[in-house]
Amino acid sequence: MTATSDTPGQANHWVLTFSCADQPGIVHAVSGAIVSARGNITESQQFASLDTGRFFMRLQVESGASREEFESALAPVVERFGMSHNVDYVGRPLRTLVLASTAAHCLNDLLFRQRAGQLPIEIPLVLSNHGTLRDLAGFYGVPFESQAVTDAESKAAFEARVLAAVEEHDIELVVLARYMQILSPELCEKLAGRAINIHHSFLPGFKGANPYRQAHARGVKLIGATAHFVTSDLDEGPIIEQNVVRVDHSQTVQQLVAIGQDEESRTLTQAVKWFAEDRVLLDGARTIIFR
């Protein structure tokens, strides 16, 4: 049973992530601090980036220590190495706000896998600029709000509602599940590092209206999807996950759409799962993924 709070007489299962300038002695110091907190390491991964000179580490630790005791044992190591770090409970559902428009596939996959216990998130609200997906959210028992975005004023009002919802529901992650509006630079900045988007990936790439029809007309052989962090540079944030599938001349436009939507759904869900499990660390413009 995964602990989600300090329970007397029961071991807590922690997930720890660290990043700092790479230097000798980090692993030894972290391990020593864990031992001093009566901890047993159940999973450990690390990576030293030659590009940025940063060291990254993710551990899962069982310990009878309370959170306060555990954090106190780690504090001298964190200070010594100037670490950015996070401590959480393994398997704790991440409070997640989903933004959507009219396409159902990504939202449906997230809601289904969350309800099935396959995705460690909790979705208190779905916000949309259309009312199309209200019944889908209702089927899963998730509150749904729609607010039209037709001009600069209504866009600003929608984004204000997003920020209010983040505050109201203690949101830790915002997922754009085919939300077909460009976020303002101001909102991107406020959600930096905690907002994930999905977009299709064609080889070669096609933009604008009817990309699948364009792909079909050009005889594309590979289509896929990319999940990435949201930044003010459209579809250019640090990449979390990508998938690709081979297609051929026999597939119709409608079949390409179905294949592409499957890739988008599984790619976005995987990215959300890794993020919720504290497996995604930022290294400048790219990500370190501890699978």
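Me: How much area is buried between domain 1 and domain 2?

Reply: The size of an interface is often given as the accessible area lost when the parts come together. Here, about 740 Å² is buried between domain 1 and domain 2, and carbon and sulfur atoms give 45% of it. Buried area is the accessible area (1.4 Å probe) that two parts lose on being put together, summed over both. On the domain 1 side, T17, F56 and R58 lose the most area to domain 2, together 49% of what that side buries.

Me: What kind of model is this, and how are residues numbered?

Reply: This is a predicted model, where local features need pLDDT of at least 70 and side-chain atom pairs count only at pLDDT 80 or more, while totals for chains, interfaces and linings use all residues. Residues are numbered from 1 along each chain as its sequence is written, and side-chain values use heavy atoms, with hydrogens and water left out.

Me: Where are the bounds of the two domains?

Reply: Domain bounds come from an automatic or database domain assignment. Domain 1 covers 10-87, and domain 2 covers 92-287. Their centres, taken over C-alpha atoms, are 32 Å apart. Contact means heavy atoms within 4.5 Å. By that test, 15 residues of domain 1 are in contact with seven residues of domain 2.

Me: Which residues does UniProt list for "domain: ACT"?

Reply: The unreviewed UniProt entry lists residues 15-92. UniProt positions are given in the numbering used here, feature names are shortened, and annotations may be inferred rather than shown by experiment. In the model, residues 15-92 are 33% helix and 42% strand, and the end C-alpha atoms lie 10 Å apart. Helices (H or I, at least four residues) and strands (E, at least two) are DSSP runs, numbered from the N terminus.

Me: Where does UniProt place the "active site"?

Reply: The unreviewed entry places that feature at D235. In the model, D235 lies in the loop between strand 10 and strand 11.

Me: Is D235 buried, exposed or partly exposed, and which is it by the numbers?

Reply: Buried means under 20% relative accessible area, exposed over 50%, and partly exposed in between (1.4 Å probe, protein chains only). D235 has a relative accessible area of 33%, so it is partly exposed. Leaving aside neighbours within four places in sequence, D235 is in contact with N197, H199 and H228.

Me: How do strand 10 and strand 11 run, and how many bridges join them?

Reply: Two strands pair if DSSP finds at least two bridges between them. Strand 10 and strand 11 (residues 239-246) are joined by seven bridges and run antiparallel. A225 stands opposite N243 in strand 11. Strand 10 (residues 222-229) is largely enclosed by the rest of the structure, because seven of its eight residues are buried.

Me: Which residues does E264 contact?

Reply: E264 sits in helix 8 (residues 253-276). Its relative accessibility is 2%, so E264 counts as buried. Leaving aside neighbours within four places in sequence, E264 is in contact with H105, C106, R178, I198, H200, Y212 and A225. H105 and C106 are among the buried residues of helix 3 (residues 105-115).

Me: How many disulfides does a search of the whole structure find?

Reply: A disulfide is a covalent bond between the sulfur atoms of two cysteines. The test is a pair of cysteine sulfur atoms within 2.5 Å. A search of the whole structure finds zero. C106 is in no disulfide, as the nearest cysteine sulfur, that of C188, is 18 Å away. C106 has 1% relative accessibility, so it counts as buried. C188, at 5%, also counts as buried.

Me: What phi does R178 have?

Reply: Most residues other than glycine have a negative phi, and most peptide bonds are trans. R178 has a positive phi, near 60°. R178 lies in the loop between strand 8 and helix 6. At 15% relative accessibility, R178 counts as buried. R38 also has a positive phi, near 60°. R38 is in the loop between helix 1 (26-36) and strand 2 (39-48). With a relative accessible area of 52%, R38 is exposed.

Me: Which residues does Y179 touch?

Reply: Y179 is found in the loop between strand 8 (173-176) and helix 6 (185-190). Not counting residues up to four places away in sequence, Y179 touches L99, A100, S101, N129, V149 and F158. At 7% relative accessibility, Y179 counts as buried.

Me: Which way do the residues of strand 8 point?

Reply: L173 and V175 point one way, V174 and L176 the other way, and all are buried. Strand 8 runs parallel to strand 5 (residues 94-100), with four bridges joining them. T96 has L173 as its bridge partner in strand 8.
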